[in-house]
Amino acid sequence: MKPRGILLVEDNAQDELLTLRSLRKVNLANEVEVVRDGQQALDYLFGEGEFASRGGASLPAVVLLDLGLPRVGGLDVLGRLRNDVRTKLLPIVILTSSDEEQDRFQSYLGGANSFVRKPVDFAAFAETVARLGVYWMALNEAPPLDTRP
Amino acid sequence: MLTARLQLGTDFEQRPLLVLFLIPTILSSYVGGLGPGLVSTVITAGCVDYYLIPPLHHFRIQSPSDTVPWIALILNGVLVSVLSGALRRGRTPEEPLTDSPIASGAGIPPKVTATSLDFSLNRVERSMAALLMPVIACALQWAFWGHFRPFIWFLFYPAVFLSAWIGGLAGALPAAALASVMAVFCFLPPVLSFSKSDLSYLPSVVVFMSMGALFGQLHDRLARAKRETATSLETARHAHERIQAVHHELEGLYAKAREMDELKTQFFSNVSHELRTPLTLVLAPLARHLAGPILDSDLRADLELMDRNARVLLSHVNDLLDMAKLDAGRMGLHPSEVDLAELVRLEASRFASLAMERGTAFEVEAPGPLMAQVDAEKIRRILANLFGNAFKFTPPDGRISVTLSEEGDAACLEVRDSGPGVPEALREAVFDRFRQADGGAARSMGGTGLGLAIVKEFVQLHQGSVTLDGGPEGGARFRISLPLRAPAGVQVLPASEEASESLVPVLLEAPRVSMAVRREPISEDASRVLVVEDNPDMNAFLVSSLGRHYRVEAAFSGQEGLDRARTVMPDLILTDVMMPGLTGDQLLETLRRDSTFDDVPIILLTAKADDGLRLKMLRAGATDFLCKPFAVDELLARVDSLLAGRRRNQAALKSQGELLARMSRLAKVGGWSFEVATGQGEWTEEVARIHDLDPSGFASAAQGMSYFHGEHRAAIERAVQEAIEFGRPYDLELELVSAAGVEKWVRTQAQPILVDGKVVRLQGAIQDITKRKRAEEEIQRLNANLERTVEERTAELRAANSELEAFAYAVSHDLRAPLRAMSGFSRALVEDFGVDLPAEARTYLDQIMFGSQRMGELIDGLLMLSRSTRGDLQRQTVDLSALAEEARLELEQGDPGRRVVWRIEQGLRAQGDPRMLQAALRNLFGNAWKYSTHREQAEITFEAVDEEGMRQFMVSDNGVGFDMAHASKLFQPFQRLHRQDEFPGLGIGLATVQRIIHRHGGRIIGRSEPGRGAEFLFSLPKSPLGEST
């Protein structure tokens, strides 16, 4: 079974770069797949569209999901994932610049497993992302595959 | 007396016979009564013993045969004395001894006669008298025994008979027993002994006793029968006396009645005579003047009026006089041989002109000659009365027919008219005196009611007959049957050709020409008087009397009066009571029911001084009375006074009315009223003005409602109907379209007026409220606009707010990412290539990092500021002291090394949003904490103070304070009064606090002097609109 990695859903290229840099520092960069908007994220996870060839072979260990995404918003992506039997147990971490209460509330309501604010200060940001990656990839036990029909 | 008796006693004492001594004893007791009788008895007994009974001159009795008469003598004396005493008492009775109804009857003295011994003695005395008889018999028989021997019962039978007579059964039985004993003892041998050898005497004793009982019973019955007879006799006598008395009284009354009747007849006769004389003296000169040429037509009219009325009066007097004569029995019949047919034709011809004038068909069918022995004068009266009667009751264009025919030895006269006829029930009564078929004041025709009575009396004088029936073609038919020959014993006079006065009754059909009485020009504003009087002369008189001062309208019947009253609206009405058809009192009642005539005085003219009628009329609403005859001055005075009063009332009413009109015009309120029954009514000028109508127009409910349309019409109709049906008042605001087509809003109110629980009238007010209504509509419109504006503003605000939120959201998301990129890549440069970079480049990179960090803080501050008042204000009671403690705790935990003296007043509460207030307090405390950093002994205080008349909360410190010259910048965002290197900060805190306090409707000020700390006071009203706590 192919080791499951991290799916980063991030439209901002700079943030993507900084995030990948932070993950590289803790040697997790190779296991990161990046998609740039909500629709791509859904296609990737369900094996549809441009990712049809993947055939939904495997799911990542964790999805780092930004909220402000083009095409399909982060919260919508969250909703669709939670409504699908294949992805309803998939660990999803909301990683966003927002510190709006409203976003936090909606995210947890939508079934997010965690809500992490991207600090503006890069040092803090780098550390946050690094700890996130280590936690989800090393410490967290993935949910079992849903064997129900 | 006693001496006389003693002498009497001595007179007889020498007599040899014992029996003679009985006589003085009896006499003594009879004359002297009980006492002297007993004395006499004793003396006699003594004398007898002394002188007559041997031994003589000695008071001893030797022989028992001498003792018997002696004892008998004494017994006799005692009994006689007792009886005499009783008799004497009976003669001088203080009260009757027997209680018979007669004796106790009023005024009849009890009779004491010789035969009344039974009644005057009581039972004991009668028994004693009865017992005396056998004793006397025994004594007499003893004395003359030689003559009677051997009949021992000889004297005892009569004795017992007498006893029975005196004492009845109760007397007879003891007497018979005593007699038996004495007879057996004294006369049956052996004498003076009861020891009898021969018992054959016993049957005789039994027979004797039976006889005694028989006598007693017989006498008892006899006595009772006598008593009963006497009682009956007395009763009869008494009754008879009463009848006599009543009879006497009746005779007195009858005499009195006859006397009264005579007096009445006399009175009528006298009065009539006394009246005739002056009437003649009035008529004669009048006739003379009327016969001559009269220049002035007014004078002629007056004279004719006088003449006519004098003749009416004369005919009434004649009627009364005839009646009086008939009553007095002094109406004699003076028949002569007359041609009846000619008489009828002649009398009928006198009515011809009247018939012409009235247009009545008057047909006379009297084929003559028809000779009859009649009293021509009386026949003419009969004819005149019958014709007059027919004319009176026949309408002007009616028909009257007269036929005379001969039927056997009688003449038959028939008078038929086409009038209303006489109801069957009254056909007998019309011949009664003073009787008229339709009696009372409503009678259609004048007259005294004597005419037909006279006809009947006169016909009966001729021994004829008169009948009344309906006739074949309706109306009345009088049939008179007169014998052709005069009644037997009446002297028939030769025909006479005397001229006779016209007997045509003066009917009250005076030509109306006479009404054209002098009229002086009367000013147009003179009061208008309506005269209602059926008598043309009286009417004309009233009109002329009043015409000098007032405008007078004349009406000749009640109905005409009513019509005229309604058309001319008089100021005063003068009406007769007795009128054909509608009478004066009915006219009065009709007018009083009409409110139009409420204040019109009505004077009633009445001939009857009848208090009951007056009371009835006054109750019905009569203003005043005038009794006929009346003085013209009095009439004028009353009319004048009533009219003056009415003018005063009207003036007062007018001024009141003008005031009311002005007021109602000012208030635009009109009053209205209408009758439920007719729908007619009245309204004030203002009502007409509201409807844009002519104020003088006629008012009606239907017209009033016709100005409402559509739903308003339906509403008013429903309200009016409910007011009428259920007596429910209403108060509506409706729109109408006036006569001029103007749309107006009115408030219309109504109050039902109830009479006997029924709504008879609606009264109400109507007010023009168009202005108010328009104002209300404008207000409503403005209100609606305002609401819309507010809604628009609110929507705009809401939109702005949401834009702001979107902006804040965008800021929090999108501004941070570039900042992070700046600081991130700077740091990456330093970390990855730091060793290769020149020192200067590192410094620049540090500045980039610092700038982006500062920028991030600013963005966070901005977000906090915008977030501080976002969302709804959750107003509730907040414990400020507790919030202050929390904020203090946070600060102390943030910098555990600092020591600050806190003074937080406990129990401070306010109304507000706890989240926002907590943020405010946190910022204020944070400020105080920050700016007191350099103080050795920092103090921070939170307390409530009363300032500017309101309760405020104050946060104060003893920090560096600030310069009041820059106070205006204090609450501006990003404005700072200290340099960043002195006290780091964004300048957002106080701006946030101010926004929160303002959001609560409160105010905040800050004051300070540099170096002496700062005070921040804020207020929190209980509600956004309230002043403060």
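By the grid rule used here, chain cavities of 30 Å³ or more come to a count of 4. A cavity is a set of points, on a 1 Å grid over the protein atoms alone, where a 1.4 Å probe fits but cannot get out; a pocket is an open set with protein on both sides within 12 Å along at least five of seven lines; and lining residues have an atom within 4 Å of a point. Grid points are joined across faces, edges and corners, and a volume is the space filled by probe spheres set on the points.

The model is predicted: local features need pLDDT of at least 70, side-chain atom pairs count only at pLDDT 80 or more, and totals for chains, interfaces and linings use all residues. Residues are numbered from 1 along each chain as its sequence is written, chains are lettered from A and ligands numbered from 1 in the order in which they are written, and side-chain values use heavy atoms, with hydrogens and water left out.

The largest cavity has a volume of about 210 Å³. Its lining holds 19 residues, and those nearest its centre are Trp672(B), Trp683(B), Ala701(B), Gly704(B) and Met705(B). At least two lining residues come from each of strand 13 (669–675), strand 14 (680–683), strand 15 (699–700), helix 21 (701–705) and helix 22 (710–726) of chain B. Helices (H or I, at least four residues) and strands (E, at least two) are DSSP runs, numbered from the N terminus.

The second largest pocket contains about 1,600 Å³ of space. It is lined by 37 residues, with Ser595(B), Thr596(B), Gly681(B), Glu682(B) and Trp683(B) closest to its centre. Helix 19, strand 13, strand 14 and helix 20 (685–690) of chain B each supply at least two residues of this lining. Helix 19 of chain B gives the most, with 10 residues.

The table sets out the two linings. Ala, Val, Leu, Ile, Met, Phe, Trp, Tyr, Cys and Pro count as nonpolar, Asp, Glu, Lys and Arg as charged, and the others, Gly among them, as polar.

| Lining | Nonpolar | Polar | Charged |
|---|---|---|---|
| Largest cavity | 12 residues | 6 residues | 1 residue |

**Strand 13 and its partners**

Two strands pair if DSSP finds at least two bridges between them. Strand 13 of chain B runs antiparallel to strand 18 (residues 758–768) of chain B, joined by 7 bridges. Here Gly671(B) stands opposite Ala765(B) in strand 18. Strand 13 also pairs with strand 14 of chain B, antiparallel over 3 bridges, and Phe674(B) faces Gly681(B) of strand 14. These two strands form a hairpin with 4 residues between them, and Gly679(B) in the turn has a positive phi of about 80 degrees.

In chain B, 5 strands form an open sheet in the order 2-4-5-7-6, with mixed pairing. Its edge strands are strand 2 (361–365) and strand 6 (465–469), each pairing on one side only. The twist from one strand to the next averages 10 degrees. Angles run from 0 to 180 degrees between N-to-C directions, and axes are lines fitted to C-alpha atoms, for helices over the stretch in contact. Contact means heavy atoms within 4.5 Å. Strand 4 (residues 399–407) and strand 5 (residues 410–417) of chain B are antiparallel over 8 bridges, and Ser405(B) stands opposite Cys412(B). Helix 13 (residues 376–393) of chain B packs on the sheet, touching strand 2, strand 4, strand 5 and strand 7 (477–483), and its direction makes about 20 degrees with that of strand 5. Helix 14 (residues 451–461) of chain B lies across strand 6 and strand 7, at about 25 degrees to strand 7.

Another open sheet of 5 strands in chain B has the order 20-22-23-25-24, again with mixed pairing. Strand 20 (900–904) and strand 24 (1004–1008) each have a single partner strand, so one side of each is left without a neighbour in the sheet. Helix 25 (residues 880–894) of chain B lies across strand 20, strand 22 and strand 23, running at about 170 degrees to strand 20. Strand 22 and strand 23 of chain B pair in the antiparallel sense over 8 bridges.

Most residues other than glycine have a negative phi. Glu948(B), in the loop between strand 22 (938–947) and strand 23 (950–957) of chain B, has a positive phi near 50 degrees. Lys668(B), in the loop between helix 19 (632–667) and strand 13 of chain B, has a positive phi of about 55 degrees.
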